[in-house]
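Q: Could you walk me through this one while I have it open? I'd like to go through the strands and then some of the helices.

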Amino acid sequence: MEQFVGNVRRKIVWSVALLAVVCSVWSAPVHAAMEWGDVPPLPTPSSGHFVGQHNGALIVAGGSNFSVSPFQGGEKEWLDRVWVLEPGASEWIDGGVLPGARAYGGTGSRDSGVWLLGGTDGVRCFDDVLEVRWENGAIAVQSVEGAAGTLPAPSAFGGAAQVGDYLYVAGGQDDPKATAAQAEVWQWNTKTPDAGWTTLPTLPGPSRMLPVVVGRDEGLYVISGASLFAKDDGSPGRVFLNDAYRYTEGSGWKALTGPPVPVLAAPAVAWGQAHILVVSGDDGSLFEQSAELKDEHPGFPDTVWAYHTITDTWVEQGTAPAAYVTTQATVWNDAMVIPGGEDRPGHRGTMVMSGKPMNEKKGFSPFDYGTIALYFTLLVGMGLYFSRRENSTEAFFLGGRKIPWWAVGISIFGTSLSSITYVAIPANAYGGNWLGMLSNLGIVLVAPFVVYYFIPHFRKKSIATAYEYLEQRFNVAARLYGSLIFILFQLGRMAIVLYIPAIALSAATGMSIPLCILAMGVLATVYTVLGGIEAVIWTDVIQAVVLLSGALLALFLVVTGVEGGAGAVIAEAQHYEKFKMFNWSWDITTNAVWVCVIGQFFTMLYPYTADQTMVQRYLSTASLRDARRAVWTNAVMTIPVSLIFFGLGTALWAFFRSHPGDLDPNLNNDAVLPLFIMAEFPVGMKGIIIAGIFAAAMSSLDSSMNSLASVLVNDYYRRFKAGVSEESALLLARVLTVLLGAFGTGAALFLATRESTSLFDTYLKLLGMAGGGLAGIMALGMLTKRAHGWGAITGAIVSSGCVYFVSVNNLTHFYMHGAVGFLVAFGVGYGLSVIIPAASKAAED
């Protein structure tokens, strides 16, 4: 054993040295507003065309052009050609023609094909819908069948967008020579296709044509455009608009802050988690002079505007290489693509612009690098220090049952305060309100039951794992069921708790995601395999202190960075209902107050009564009294800390509302706190806090590794192998810790290569359905005397099925899934035990 520890110690120096090298290769800061790439130009100039994508190919259909300037007597030509560009291709493919020429309609890119909604040929406006498909190297065009194939009225010069299950058409005009624009907005529900198009409440403000129409998850955005009126000679005149509105299903229309200038007919896309990029647009400043300027018209503004949907603010994001209007944009190959368009009245271009935002990223100073290296060295040093005392599994897994209660309490809190929580709670408050505050207080409701009912049962028996209790109370099958659910869940969770924070840290710091994962995974494994649960708990204490100090410092810097200070932050937040905490509804499918209170009470019962990472800490204190103190410490800390983190998120919203130019459109909302830290924290401090966020992820990982090793050694190895020596059990514990660390790190790296957590999310969701049931049978054993093992196991299995049924049918808000699982497991388990009596190991009083 000493040789094993000695070999690991000798490798620590190399680990720290490697970390210093890693820090030195973090990416250098980048400063650019927009980055534009090269895409093959369109074969023919046009504007007003339909732009979409299908089966990975970019499709441009229809449009209009002037071969000869209209100021030289030329006539507008209406186009029917379809052009296709495949990824990586150097030229466009001629895909054939539409049934007839058309332009200026709406576009919807769907799985089945690109929908062309309405449009005009200059003589009339259309009310039909065409579908263009790219399949097997050829274009196929057909009319959309059924009720969706006919719009409520002819429409052109409007816009279309998809939002979830809904397709929208907004604004426009029903005749090419109309002197009044359309105010109607039509909606088609893809889940009920036979119902046809529905007319929504009228768009607020003036009716309009050529608006910017963009769909995001939160709703439909309609921006700018122009209203029409009849001039004295009967021709249509325009009033340019710079207003904006959002339609949300179930809530209706809401007025938003409009762009600084009109952006009529501008191409636009939804970008990232919270931005809309609007390129160019006719601001109307030269509209009345077009006839006078003729071909000397200087063109339209080339400004790229970025609208932030959370703070409701606009900023200039840079400029475009060409200023095109009456064209459309789409996100293709991870870039905003704008194929051709009108660059001045009477003239069309062929340039295909492909671009994405690029914002300045502030790097670390050498002092920041040093603080990170010092912090990580401290964590490893703690592992080395405690390794001298880890001479038994009792010490490795339970710290000799003598760890101070206050350290255990902070560790319980620190384990709950994972890096996901640290960045996610402020991000949720920043992007929304305080409705999640109630769910964070679930532990306060659960604490009395844990302290007075559950901990005494765990402490009364000489056990090492929570699931050992299940065998003593029920049977070995119950023990194996509980431990297996825990093992499978934690194996999946380790990957997530490394990967998710790595995304935010990478985005904010420039360090690659795999490098973030490796740094966290390797270091956590090193100090955990050396120092066991003592290293885990004491590093949790340091991590909690660092992160809470960082949160307080961040809150101070955020508030002082807003003009008017705390008073301005509070007033602004109140005006926008950012402090909303209560949803007074009786709907069980929403996060209503009663749903939050009841749901989170039962949800918290699993981690605090049936999760080995928590139970292990109860058992590491010297006495029942100390274990109770530890739980109360965690519960008491939860309230003020929740206020700090929700307040920080709201303050970040106020800060970036007053400094919208500091936002990076490429970052996810979860990166808002790391972004602020990198941009605003003093030299040295940013290194400590970023290291603390790394440590928070490692805190979750080290707890999982040590607890998993404890379960595997005690519930399987020792349980089924007779005559196990203490030395062999301890060696196995260390080897398992290394293997588990490697597995968690490898799984996180696998997620990074896939750039998606969908597989693991589904895995954890399915296993999570068993959590409430596991807590239910734990309570069944402690609170009843008649329940027996097979009744308990059956109850747990039935409860998982019930939770799955409730989940897939959306019968309740997900907060209530824990309550369903717990109550079904408890009820079915007890009922079967009464109906089918069997030998029962009665619960002790």
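**Strands and helices**

A: Bearing in mind that this is a predicted model, one place to begin is an open sheet of four strands, which are ordered E1-E24-E23-E22 and pair in the antiparallel sense.

Q: Which are the edge strands there?

A: The edges are strand E1 (34–39) and strand E22 (330–332), each of which pairs on one side only, and from one strand to the next the twist averages 40°.

Q: How many bridges join E22 to E23?

A: Three bridges join E22 to strand E23 (residues 335–344), with the two running antiparallel, and Val331 stands opposite Met336 in E23.

Q: OK, what about strand E7, is it buried or exposed?

A: Strand E7 (residues 113–117) is mostly covered, since five of its five residues are buried.

Q: And what does E7 pair with?

A: Strand E6 (residues 106–110) is joined to E7 by five antiparallel bridges, with Gly106 having Leu117 in E7 as its bridge partner, and E6 and E7 form a hairpin with two residues between them. E7 also pairs with strand E8 (residues 129–135), again antiparallel, over four bridges, where Leu116 has Leu130 in E8 as its bridge partner.

Q: Switching to helices, what span does H17 reach?

A: Helix H17 (residues 685–720) has 36 residues and reaches 51 Å from its first C-alpha to its last, which is close to the 52 Å expected at 1.5 Å a residue, although H17 bends by about 30° at Val713.

Q: Why is H17 described as largely enclosed?

A: Because 28 of its 36 residues are buried, H17 is largely enclosed by the rest of the structure.

Q: Where does H8 bend?

A: H8 bends by about 50° at Val450; this helix (residues 442–460) has 19 residues and spans 26 Å between its first and last C-alpha, close to the 27 Å expected at 1.5 Å a residue.

Q: What covers the buried residues of H8?

A: The buried residues of H8 include Val450, Val451 and Phe454, and the elements covering the buried part include helix H13 (593–609), helix H15 (624–658) and helix H20 (771–783).

Q: Last one: how do H21 and H22 cross?

A: The axes of helix H21 (residues 789–808) and helix H22 (residues 817–835) come within 7 Å and cross at roughly 145°, and the crossing is right-handed. Among the residues making the contact are Gly791, Gly795 and Cys802 of H21 together with Gly821, Ala825 and Leu832 of H22.

Technical notes: Residues are numbered from 1 along each chain as its sequence is written. This is a predicted model: local features need pLDDT of at least 70, side-chain atom pairs count only at pLDDT 80 or more; totals for chains, interfaces and linings use all residues. Side-chain values use heavy atoms; hydrogens and water are left out. Two strands pair if DSSP finds at least two bridges between them. Axes are lines fitted to C-alpha atoms, for helices over the stretch in contact, and angles run from 0 to 180 degrees between N-to-C directions. The expected span of a helix is 1.5 Å times one less than its number of residues. The bend at a residue is the angle between axes fitted to the seven residues ending there and the seven starting there. Buried means under 20% relative accessible area, exposed over 50%, partly exposed in between (1.4 Å probe, protein chains only). A crossing is left-handed if the near helix is turned anticlockwise from the far one by less than a right angle, and right-handed if clockwise. Contact means heavy atoms within 4.5 Å.
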